[in-house]
Amino acid sequence: MSALLEVESVSKAFGGVQANKDISLMVPEGSIVGLIGPNGSGKTTLFSSIVGQYPIDNGSIRFEGEEISRLRVPQIARLGLLRTFQQTRIYGQMTCMQNMIISASVRKRGFGEMFHGQHDPAVSKHAEDMLEFVGLYEKRLLRAGSLSFGQQKLLEFAMALMNEPRLLMLDEPTAGINPTLINGLIDRLKRANAQFGITLFVIEHNMRVIMNLAEHIYCLAHGELLAAGTPDQIRNDPNVLDAYLGAH
Amino acid sequence: MNVPVRKLVGYAALLAFGVAAPYLFPAYHSQLAELWLFVVFALTWDLVGGQMGYNSFGNVLFIGVGTYACAVVQVGLFYNVANYTSSDGGDLTIYVFDATQFLTGLAVGLPVAAVVAGLVAIVFGSAVLGMRGHYFAICTLGLGVAAGQIAAGWDWIGAGGGMSSPNTPASLGDVTVLLYYLAFGLAVLTFIMIRALLSTRFGLALNAIRDDEDKAEAMGLPTIYIKVTAWAMAAVMLGISGGILGNLKRFIDPIDVAFAGETYGVWMVLMAILGGKGTLWGPVIGATVFQVLKEVFWTYLLGWQRVALGLMIVVIVVFFPQGILGWAREKFPEWFGHRIDRSRTGETAREPAE
């Protein structure tokens, strides 16, 4: 498996706070990789650095072998590297369908296509399919802001799928979701990976979810890479247990 | 009657009213022309302020640039502009424009006004539209004020003394009627443009930026190009409206007519809010209601007209922040293609269909 995303010795500080220190990791094409760590360990900062939101202090980030650490957020997104947010973000005053339609991949379109009609049958069909996939088809004409938090989370996931990314980075996809829905979500994440060929890089606090989902897991603590390995290796790593249970 | 037919009849009736209005109300030509200019102000303000969520207090910049650009072309095609503007000070030369010269001046001046205003929007937009929220609002406010001050200090265009619009030739009769139809045509054109724009992906992109710009960026939308394009489109229409305004007012004062932030700059925001921000018809309705009220205040409350207008602004902003159509959209979402799930009970209780 070739590397889709390579992060090499990335550091990022906010003033005196070292949020990420010398982090290296790799996400192979077609895989599902997990990122765990206690609160404040720098997971979301790392995500934001990768997608170009924060300029990194040093190190290198390569996507499909190309350096992206100097590109801006929309440019990186158009390469096919997308992230969802921990605090769910959708376009609240627009309907679910409108949310989906405007999320259709910009990568394959020029700026001129901005002036094409909203009701392209192929795009609408794709949008409906993806809403169906996450179980929101019946809600498609509702204002997205009127959905419950869990539904908004699913909508955000569907919008990301609509964009047809190569790599999708999910920041706590199950946080705030009704526990009865979590199994369904894990299943959908796996299907997105297998059916649509989307590589996943997932931040997750729910251990049961991440152990089920990921093939390879990285663990951060205090901004540094603490451990890496298969779910079993991580589960039994004493350093990881210490970091979570606070044996320092 | 089904809905499309009813809509068609509605549009036809409005068009017919617009065409017939100067004959129905012969005493109000300039007020009616001003009404259509207000419709353009409110519609274009709302494209950026309502649909895209960037509240600009500096759109008078484009009106003013258009006003001067058009006047300078109208004069400059036939006379030396510097001599023309300095003659206001007492030089007794009378600058005469015959019908052909006047019409040629307008025909060339208005497109030039459009282009210049559009370019100004692209240049300043690229810098200013990087700011958000209040910062953007304050910055645009500054742009409008600064432009007025620069115009007031620039001798070539008459500086603080202002610049007269070209004298209208007697052979053309009442030019106000011509200007009325130009303003009416511009309002219709602007409405059609915005209506078409909102049905494209571009329209959705504007709404996406309004709802969550960070998300739009993270989804790969080229937000800065979208924002500048929208502002430039608004500016082109405002530039033309400025050209018409200058001729309608007959005299271009840099601060009271061209870059009139205190009046047009505030009013256009108010009209959009009164009618309903972020709706297609809201600005049109808002502009109409506003212009009628304003004229009523000026006619019946003379001396207190500014007080009445100020009170109205306070009442609108405090009690009707959503505007006429915004209120209707809340009450009757079905009219606007929205559906509200009245059966929803908090979280989804069951597993969504597989």
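This is a guided tour of a predicted model, stop by stop, with something to select at each one.

Residues are numbered from 1 along each chain as its sequence is written, while chains are lettered from A and ligands numbered from 1 in the order in which they are written. Because the model is predicted, local features need pLDDT of at least 70 and side-chain atom pairs count only at pLDDT 80 or more, whereas totals for chains, interfaces and linings use all residues.

**Helix H1 of chain B**

Begin by selecting residues 3–24 of chain B, which form helix H1; helices here are DSSP runs of H or I with at least four residues, strands are runs of E with at least two, and both are numbered from the N terminus. The 22 residues of this helix should span 32 Å at 1.5 Å a residue, and its end C-alpha atoms, 29 Å apart, agree with that; the expected span is 1.5 Å times one less than the number of residues. At Gly18(B), shortly before the proline Pro22(B), H1(B) has a kink of about 35°, the bend being the angle between axes fitted to the seven residues ending at a residue and the seven starting there. H1(B) is hardly covered, and the count of buried residues in it is zero; a residue is buried if 20 or more other C-beta atoms, placed from the backbone, lie within 10 Å of its own, exposed if 12 or fewer do, and partly exposed in between.

**Helix H2 of chain B**

Next select residues 29–51 of chain B, the 23 residues of helix H2, which reach 31 Å from first C-alpha to last, close to the expected 33 Å. Here 20 of the 23 residues are buried, so H2(B) is largely enclosed by the rest of the structure. A kink of about 35° is centred on Trp45(B), and after the helix comes Gly53(B), with a positive phi near 80°.

Within this helix, pick out Leu35(B), which is buried, with 23 other C-beta atoms within 10 Å. Leaving aside residues up to four places away in sequence, Leu35(B) touches Ala287(B), Thr288(B) and Gln291(B), where contact requires C-beta atoms, placed from the backbone, within 7 Å.

**Helices H8 and H10 of chain B**

From Leu35(B), move to Ile209(B), which is 174 residues away in sequence and 30 Å away in space, C-alpha to C-alpha. Select helix H8 (residues 201–211) together with helix H10 (residues 223–249) of chain B, which pack at an angle of about 110° with their axes 10 Å apart. Phe202(B), Ala205(B), Leu206(B) and Ile209(B) of H8(B) meet Thr223(B), Ile226(B), Lys227(B) and Ala230(B) of H10(B).

**Two residues with positive phi**

Most residues other than glycine have a negative phi. In the loop between helix H6 (133–152) and strand S1 (163–164) of chain B, select Ala159(B), whose phi is positive, about 45°, although it is not a glycine. With 15 C-beta neighbours inside 10 Å, Ala159(B) counts as partly exposed.

Then go to strand S2 (residues 17–28) of chain A and select Asp22(A), which also is not a glycine and has a positive phi of about 50°. Asp22(A) counts as partly exposed, with 14 C-beta neighbours inside 10 Å.

**Where the chains meet**

Finally, show both chains: 40 residues of chain A are in contact with 30 residues of chain B. On the side of chain A, the elements that give two or more residues are helix H2 (73–79), helix H3 (96–103), helix H5 (149–162) and helix H6 (179–195).

Definitions and conventions. Axes fitted to C-alpha atoms, helices over the stretch in contact; angles between N-to-C directions. Contact = placed C-beta atoms within 7 Å.
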